[in-house]
Amino acid sequence: MEKEEMVKKLTPIFRNVFGDETLEVTDELSALNVASWDSLSHMLLITEVENQFTIKFKLKDLNKMKNVGDMMAMINSKL
Amino acid sequence: MTFTSLNFLIFFPLLALCYFITPVKYRLYTLLAGNYFFYINVKPVYALLLAGITLCTYYFTRQIQKNDKESIKKIYLIINIILILLPLFFFKYFSKVNDFFFSALNSIHIRWPLPDIKLLLPIGISFYTFMSIGYIIDVYNEEIEAEENIGVVAAFTSFFPLLLSGPIERAKNMLPQFKQLKQPDYNSIFQAMKLILWGYFMKLVIADRIGIYVDIVFANSGHHTGRTLLLASILYPFQVYADLGGYSLIAIGTAGLLGFKVMLNFNRPFFATSIAELWRRWHISLITWLTDYVYTPLTFTFRKYKMRGIILALMITFIISGIWHGAALTFLVWGFIQGIYLSIEALTSKRRMQFEKKYNLRKKGWYIFLEIVVVFILFAASQVIGRAENMATAFNIYHRIFSVSGPLFIGDAPSILIYSIIGLLMLLIKDFTDEFAPSQMQFFNNKRKSVRIMAYATIAILILLIGVFDGGQFIYFKF
């Protein structure tokens, strides 16, 4: 999937999960830049992403995703 | 051998000397020998257990690494975890299980006296068990590679500063340090000494002094007034913080003197503005361990249930944490209460955030102060259950706090309370300035050398003058 299309699909999910209507989805975005990104919201995010792209992550995949760039690469590998 | 014993004050400089005069190539083995000497001094037979757990961890992590088949890796992982957990379960829960079967049989009129084995929990078993399990899971999850050198693995599982009460370190952080031993520089030695000094202050001046008062009051809670029980309940969380926090600082500092960097275990917990934040600041190494190896796999498994799944995972994680603290109903309830607190916060977090944003509350001092106070009260209330001998005593303490009037118990020596409060105030002032004004009001990092020297001298003198040198053990040794 093209990056632009993926960002377009991910943006509303991120904004909804983290409660920030101005959040911009970039490769570098990670839990370090978003105050409300904690272990709780992280799992809600994972679930929403899985539903949106109809994919299934493995527990191992979670540790490999250090930022949104990693997440997008992971999603692409599963499509 | 504990950090506050004379033996340790002899052992550590000798070990450090041997360590640094050994050629770098063999230094790891000097450290390893020192680690085992330290543990053998606690009780020789325990060292066999530690060696067994280490061998088991080494063998299975190598097998996990070598095999390509996911199913076989998983089998090795499960076998290894079970084998490592068995001793912990045996030592920690055997007597309780024994008692349970005895009373169960007794209730149906079968008197079958099972052998009454009162086992002493090997000190530190939880901590090196958890460190080993973390390592195995990290290898399984391909976070790190299984170490080839058994000496490195053995040095990690037996590293003496962390052996008895943590911090529960991760292989990811420690193995590279054992593989490439570093010589500490002047600055890190200085920083390490500072941590050790403050750690001893927290333990000897604050924790053990408060402990005297808290122990007297909780031992006879049925005879004390509400005011006294309230004060002891307020003091107890500070005692635990100063005890384990102080221990952790000595551990981090001791490791630092040998050139190792160890994770922080407490981060000014009583300035947390939510229970979730408190648990990110309190016993950090245990909580991050539980988050990574219990909570995250659970939330991942329950993720299709969304918020309900998260709450279930929170409850299970904290109940496990409670049971780990002890096989008693009080600890189970304690864990359950933490789970309830966190679940309520999780359920209301979005609405709270919106409310705070609307009224710009996060920038208002009074609101933050209010949150800090509420979080402390909730935590202290739950700690009463963790501290009480049983649930009936805990309820009785709550009841008496609100119903029994009378004077505050001072005891024969008012100095106990006075010294406790002096120490506590110093701790709070230090934590307060570090939290809210890190660049101002500095004592230990002041630009002026005279202020720094005065600060260190004051702490050292206070340790010698009002430190409790015949105090009890560290609270977390029993876990």
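Student: How many residues does the contact take from chain A and from chain B?

Tutor: This is a predicted model. The contact joins chains A and B, and each chain has its own count. The contribution of chain A is 12 residues, and that of chain B is 16 residues.

Student: Which element gives the largest share of the side of chain A that touches chain B?

Tutor: At least two residues of this side come from each of α2 and α3 (59-64) of chain A. By type, the residues of the side of chain A that touches chain B are six nonpolar, five polar and one charged. The largest share, six residues, is supplied by α2(A).

Student: Which residues touch the most other members of the largest nonpolar core?

Tutor: The largest nonpolar core holds 114 residues. Its largest share, 17 residues, comes from helix α10 (residues 226-257) of chain B. Not counting residues up to four places away in sequence, L163(B) touches several residues, including F38(B), Y39(B), F127(B) and Y128(B). The residues that touch the most other members of this core are L163(B) and I206(B).

Student: Why is D27(A) classed as partly exposed?

Tutor: D27(A) lies in the loop between α1 (3-18) and α2 (39-53) of chain A. A residue is buried at 20 or more other C-beta atoms within 10 Å, and exposed at 12 or fewer. D27(A) is partly exposed because its number of other C-beta atoms within 10 Å is 14.

Student: What distance separates the C-alpha atoms of D27(A) and G69(A)?

Tutor: D27(A) touches N67(A), V68(A) and G69(A), not counting residues up to four places away in sequence. D27(A) and G69(A) are 42 residues apart along the chain, and their C-alpha atoms are separated by 3.9 Å.

Notes:
Residues are numbered from 1 along each chain as its sequence is written. Chains are lettered from A and ligands numbered from 1 in the order in which they are written. This is a predicted model: local features need pLDDT of at least 70, side-chain atom pairs count only at pLDDT 80 or more; totals for chains, interfaces and linings use all residues. A nonpolar core is a set of buried Ala, Val, Leu, Ile, Met, Phe, Trp, Tyr and Cys residues joined through C-beta atoms within 7 Å. Helices (H or I, at least four residues) and strands (E, at least two) are DSSP runs, numbered from the N terminus. Two residues are in contact if their C-beta atoms, placed from the backbone, lie within 7 Å. Ala, Val, Leu, Ile, Met, Phe, Trp, Tyr, Cys and Pro count as nonpolar, Asp, Glu, Lys and Arg as charged, and the others, Gly among them, as polar.
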